[in-house]
Amino acid sequence: MAVCIAVIAKENYPLYIRCSANVEDELKFHFTVHTSLDVVEEKISSTGKTSTAGAPDMREFYLGQLYPSEDYRIYGYVTNTKVKFVMVVEASNTQIRDNDVRSMFRRLHNAYTSVVCNPFYILGSNISSKAFEKVVAGMIVDEQKKELFT
Amino acid sequence: MSKTTGRAFENKKLVGELFTLTYGALVSQLIKDYEKDDEVNKQLDKMGYNIGVRLVEDFMARSNLGKCQDLRETADVIAKVAFKMYLNITPVVTNWSLANDEFSLILENNPLAEFVELPERHSDLSYANVLCGAIRGALEMLQLEVETWFLKDALKGDTATELRVKFIKKLTDALPAGED
């Protein structure tokens with residue numbers, strides 16, 4: 001259950017950003033995602049240079065936790081076409097495991113592929129597909145809903 | 001053994017996706033060229049008609065079926081044999097009119113429109129209009145004049161896609177010269 005999900009294009013501009021509904025300042029998340037891009041770039045370039053056996057394999061996939069901050073953990077995922085997915089998760093959310101994040105990224109990637117296959121979607125433009133929104137909405141946690149459950 | 005059959009299925013699926021993407025590129029290019037939805041619909045229908053008049057020969061050669069006795073048989077053949085052969089789907093034939101001269105083909109998932117989401121500005125577009133034209137062209141070569149149109153479209157919010165076929169008359173004269 002993420003708090004914010006962003007899809008960033010190859011040229012590092014955002015294609016889609018969606019935050020949890022009742023967050024006060026979305027701008028803070030936009031900023032966090034933007035700064036995390038630096039870490040993403042660093043990881044991509046570093047895996048390119050190393051020649052160890054394990055590293056090149058990670059190019060297409062999950063980048064793992066990008067950096068921990070006070071309140072949030074940020075996860076990244078890069079595809080071969082340099083489209084990046086960034087997910088922000090609350091630090092207090094301890095139930096979320098690495099595998100959960102990986103599977104969420106996989107679902108995001110599949111949803112993104114469906115969007116790209118739509119002949120009416122112009123590559124590089126904002127994503128406004130309803131199917132994609134549904135997938136993302138399923139992943140974004142709603143603070144109010146969480147309180148109902150606990 | 002299982003590996004080869006699995007591979008064959010995957011290959012078919014990939015060819016199907018290529019077909020879907022090709023059709024999508026075709027429709028979006030037509031939109032860029034003609035800009036108006038009505039024009040694009042007409043062009044798709046014309047293209048479908050040209051496909052239909054040729055496809056019916058291939059269909060007859062492959063299926064080896066004899067003449068159909070009435071419209072009901074024709075509808076069943078279209079749904080169960082033709083659609084299955086070319087698109088690998090089997091639409092359901094329903095909604096016969098009282099005079100038995102109109103029927104509907106209900107397509108649960110249209111392979112042409114996989115991944116497609118119609119934007120707001122093209123709400124009048126009949127995306128799979130080529131199917132209408134193809135059925136019309138094929139039946140015209142078999143001496144049946146029909147009218148085809150879409151009643152419901154999954155891309156426009158309905159649950160399934162419904163194609164309506166209406167029988168006009170049997171053609172006894174020479175075949176029409178063709179569309180210009």
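Q: How much space lies in the largest pocket?
A: This is a predicted model, and in it the largest pocket holds about 1000 Å³ of space.

Q: Which residues lie nearest its centre?
A: The lining has 36 residues, and those nearest the centre of the pocket are B:Val56, B:Ile78, B:Ala138, B:Leu139 and B:Leu142.

Q: And what is the lining like by class?
A: Of the lining residues, 29 are nonpolar, while four are polar and three are charged.

Q: Which element gives the most to that lining?
A: Helix 3 of chain B does, with eight residues; the elements of chain B that each supply at least two are helix 1 (2-34), helix 2 (37-63), helix 3 (71-87), helix 4 (129-141) and strand 4 (161-170).

Q: Switching to packing, how many residues has the largest nonpolar core?
A: That core has 35 residues, and B:Phe83 and B:Tyr127 are the ones with the most contacts inside it. Two or more residues come from each of helix 1, helix 2, helix 3, strand 2 (102-107), helix 4, strand 3 (144-152) and strand 4 of chain B, and the largest share, six residues, is from helix 3 of chain B.

Q: What is B:Tyr127 in contact with, beyond its neighbours within four places in sequence?
A: Its contacts include A:Pro119 and A:Phe120 in chain A, and among those in chain B are B:Tyr23, B:Val27, B:Leu44, B:Leu112 and B:Asp153.

Q: Which residues are in the second core?
A: That separate core has 27 residues, including A:Tyr77, A:Val89, A:Val115 and A:Met139.

Definitions and conventions
Residues numbered from 1 in each chain as written. Chains lettered and ligands numbered in written order. Predicted model: local features only at pLDDT ≥ 70, side-chain atom pairs only at ≥ 80, totals over all residues. Heavy atoms only, no water. 1 Å grid on protein atoms, 1.4 Å probe; cavity = no way out; pocket = protein on both sides within 12 Å on 5 of 7 lines; lining within 4 Å. Points joined across faces, edges and corners; volume = space filled by probe spheres on them. Helix = DSSP H or I, 4+ residues; strand = E, 2+ residues; numbered from the N terminus. Nonpolar A, V, L, I, M, F, W, Y, C, P; charged D, E, K, R; others polar. Core = buried A, V, L, I, M, F, W, Y, C linked by side-chain atoms within 4.5 Å. Buried < 20%, exposed > 50% of the residue type's maximum accessible area, 1.4 Å probe, protein only. Contact = heavy atoms within 4.5 Å.
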